[in-house]
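Hi,

Here is the structure I promised to pass on. Have a look at it first, and then read my notes below.

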Amino acid sequence: MRNIKVLWGMIAVLLVAVVILSSVLMAHSLYPSPTDKHPDPQKQDGEAQILATIGEKKITLAELETQLLAAHGRELLDRMIDREVVRLEAKALGIEIADSEVQQEMKRMKQGYESEQAFLETMKNQLGLTPDTLKEDVYHKLLADKVAIHNIRISDEEVQAYIATHPDEFQTRVEFRLQQIVTASKEQAQRAMNDLSKGTDFAQVAKERSLDDATRDSGGDLGWLEEGDPFVSAPIMKTAKLLKQGEIGKPVEVDGKYVIVKLRERRETSKEEPAVVRERVRKDLALREAPPMKETLHTLRDKWKVTVQANF
């Protein structure tokens, strides 16, 4: 139930291609070229709409549209059809998606990111998704899920049984934002501790004394680490658990070196209200019993009499 990043990442990759194709087609319809308004019989179709020139080679809008339609046209059409048949079915069943449901799902997707801004920047920079297009995609996914499970009933007993047998999925996770100074010996560690005791900033001491190339330039910043992270040495994590925010621990030995750790911040994540957890589990269990989404969409296409041209 926690593979949220992977799932939405896969959905988003397809959405990027769809958005690009839609934008090009919309631009073509809203801003027809002079050639479209007053055709010149001596010019080839779309010749006036040159998008790029490489030497003597010219790439036109018509060529771009042809390539986009060939590569992504069917995906876009299928997406439009699926959303429409789901919308029709939801309307017939009286199913709606409240904005609060969309916001709750967005909140789940943000888990594991340092902040909301970091999440949105990742969606924008890596997947090309704006907050509006992401929100729209979430809405349609939730609507399709509700349609798929509308006639499936999961009892309270089944929900509680699942929660009881999968406690690790619902535990509150603790994360630490740590800084470190890595030294070669006890003596060097003590010199660093002396600097810190005089009030020298931890980041400054790390830049001057730490031997760790990966974190030295950032003032020893290790970023956010989840409790139990297998890639973090046990002595470092044990020290972090004992520290209060802003405190610096005593040097600990790690693989022959001596490490000084500072706890910058501590936070708990994935803490949901019990009612929210129960409904999330109920939905997930229902989706497991429902037919695969592809099969549901095929059934809806038949019900709402969808036809697609054979050559598209």
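**What I found**

The protein chain exposes about 19,500 Å², and carbon and sulfur atoms supply 52% of that area. Keep in mind while you browse that this is a predicted model.

For the overall picture, the protein chain has 13 helices and six strands. Of its 312 residues, 36% are buried. If you take the contacts in the protein chain with a separation of 6 or more, residues 24 or more positions apart account for 72% of them.

Then there are the charged pairs. Side chains of opposite charge can pair when their charged atoms come close. The structure holds 24 salt bridges, and I picked out a few of them for you.

Let's begin with D78 and R74, which form a salt bridge with their closest N and O atoms 3.0 Å apart. Both sit in helix α3, and because they are four residues apart there, about one helical turn separates them. R74 is partly exposed, with a relative accessible area of 34%.

D213 and R216 make another salt bridge, with the closest N and O atoms 2.9 Å apart. Here the two are three residues apart in helix α10 (residues 213-216), so they too are separated by about one helical turn. D213 counts as exposed, at 59% relative accessibility, while R216 counts as partly exposed, at 22%.

D221 forms a salt bridge with R177, and their closest N and O atoms are 2.8 Å apart. D221 lies in strand β4 (residues 221-226) and R177 in strand β3 (residues 173-183), so the pair ties together parts that are 44 residues apart in sequence. R177 is buried, with a relative accessible area of 11%.

You'll find I95 in the loop between α3 (61-93) and α4 (99-109). Is I95 buried or exposed? With a relative accessibility of 15%, I95 counts as buried, because the cut-off for buried is under 20%. And which residues does I95 touch, leaving aside those up to four places away in sequence? They are A90, L143, K146, V147 and H150. As for L143, that residue is 48 residues from I95 along the chain, yet the C-alpha atoms of the two are separated by 7.8 Å.

Cheers

How values were computed:
Residues numbered from 1 in each chain as written. Predicted model: local features only at pLDDT ≥ 70, side-chain atom pairs only at ≥ 80, totals over all residues. Heavy atoms only, no water. Buried < 20%, exposed > 50% of the residue type's maximum accessible area, 1.4 Å probe, protein only. Contact = heavy atoms within 4.5 Å. Areas by Shrake-Rupley, 256 points an atom, 1.4 Å probe, with all protein chains shown as cover. Salt bridge = Lys/Arg side-chain N within 4 Å of Asp/Glu carboxyl O.
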